[in-house]
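Dear colleague,

I am handing over a structure for you to look through, and below it I have set out what was found. Please keep the 3D view open while you read.

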Amino acid sequence: SEPGFTFVKILIKKLFGEGDTTFRLSMSILHSLPVILVMRYYSSDYITSIFLFVMTNFYTAWMMNGLRQFLAAVLIFAATPLLLKKKYIPLFAIILAASTIHSSAVLMIPVSIIVQGKAWNKRTVMFILGSLVLMFICSNSLGFFDSAIESAGFNYSISSARDGGDDGTSFLRVLVNSVPTIICFVFRKQLDTENRVINICVNMSVITTGLYLISMVTSGILIGRLPGYTDMYNFILLPYLIKNVFGEQDSKTVNTIMVVMYIIYYFYQSHVVSALF
């Protein structure tokens, strides 16, 4: 049903053959290169950004488990320069191309407009408030989301959710992914609001938190997958915050604490995943 992904599969098979290993290796390269290149160019601490990408289990939860949707996500992530320059026509063209791989990608059309402007602008504040309202409205039923998401490639996931296999995104995951947003809010007066990269990353972080809050009380299978389009900007944002918001001595302490806590989180998540299989 997603012709873009069919095209990618045919292209890989025509160029490299039909072996499973070849296909998975090709997909891994397609997944990894945009992440590596964008973070290498925009992150103030590239090594820490990649560390966060690994320690949050993005490579298992997305590169392996959400293979098709993550391909759409990294295609849009690679268009970050267009997002920063507000070149909407080519940006929307890329988003629409990504939607042929996974139709949930169209979410990024309104998001790419919402995140423009300085950090904590009215659009993102209204989004987070709207998310809190939706938490209460939708906390007792998934029905509100079914018609909107059933056509976005989640038909099997919807069946699983209805059969009782989905009790929402875990509180711990929501908390961990909300840390950059919390730091940004507490130290919002110390942010460099003239830095377009940081403004975009902060606003993406706020939207990520909003989506996770909704998924915590609705559906981790359905809504909990949508932050994959915005969450990667946290890996650029958090190293910046640690370096620039805290003093020189405090930043070293905070960085050490961050490393330890994310390692603990990684092994906890890995244990949970192992238990499932």
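**Helix packing, cysteines and a proline**

Helix H13 passes helix H14 in a left-handed crossing. Please bear in mind throughout that this is a predicted model. Two packed helices are described by the angle between their axes and the distance between the axes. For H13 and H14, which covers residues 234–244, the angle is about 115° and the axes lie 9 Å apart. On the H13 side the contact is made by Val197, Ile198, Cys201, Val202, Ser205 and Thr208, while H14 contributes Asn234, Ile236, Leu237 and Tyr240. Sorted by class, this contact of H13 with H14 has 7 nonpolar and 3 polar residues, and no charged residues.

H13, which runs over residues 196–217, also packs with helix H12, residues 171–186, where the two axes come within 9 Å and cross at roughly 150°. Angles over 145 degrees count as roughly antiparallel, and H12 and H13 are therefore roughly antiparallel to each other. The crossing in which H12 passes H13 is left-handed. From H12 the contact takes in Phe171, Arg173, Val174, Asn177, Ser178, Pro180, Thr181 and Cys184, and from H13 it takes in Val202, Ser205, Val206, Thr209, Tyr212, Leu213 and Met216. The residues of this contact of H12 with H13 divide into 9 nonpolar, 5 polar and 1 charged.

Finally, please turn to proline 34, which is found in helix H2, residues 20–42. With a relative accessible area of 15%, proline 34 counts as buried, because buried means under 20%. Leaving aside residues up to four places away in sequence, proline 34 touches Ile29, Val74, Phe77 and Ala78. Proline 34 and alanine 79 are 45 residues apart in sequence, and their C-alpha atoms are 9.0 Å apart in space.

Notes: Residues are numbered from 1 along each chain as its sequence is written. This is a predicted model: local features need pLDDT of at least 70, side-chain atom pairs count only at pLDDT 80 or more; totals for chains, interfaces and linings use all residues. Side-chain values use heavy atoms; hydrogens and water are left out. Helices (H or I, at least four residues) and strands (E, at least two) are DSSP runs, numbered from the N terminus. Buried means under 20% relative accessible area, exposed over 50%, partly exposed in between (1.4 Å probe, protein chains only). Contact means heavy atoms within 4.5 Å. Axes are lines fitted to C-alpha atoms, for helices over the stretch in contact, and angles run from 0 to 180 degrees between N-to-C directions. Angles under 35 degrees count as roughly parallel, over 145 as roughly antiparallel, 65 to 115 as roughly perpendicular and the rest as oblique. A crossing is left-handed if the near helix is turned anticlockwise from the far one by less than a right angle, and right-handed if clockwise. Ala, Val, Leu, Ile, Met, Phe, Trp, Tyr, Cys and Pro count as nonpolar, Asp, Glu, Lys and Arg as charged, and the others, Gly among them, as polar.
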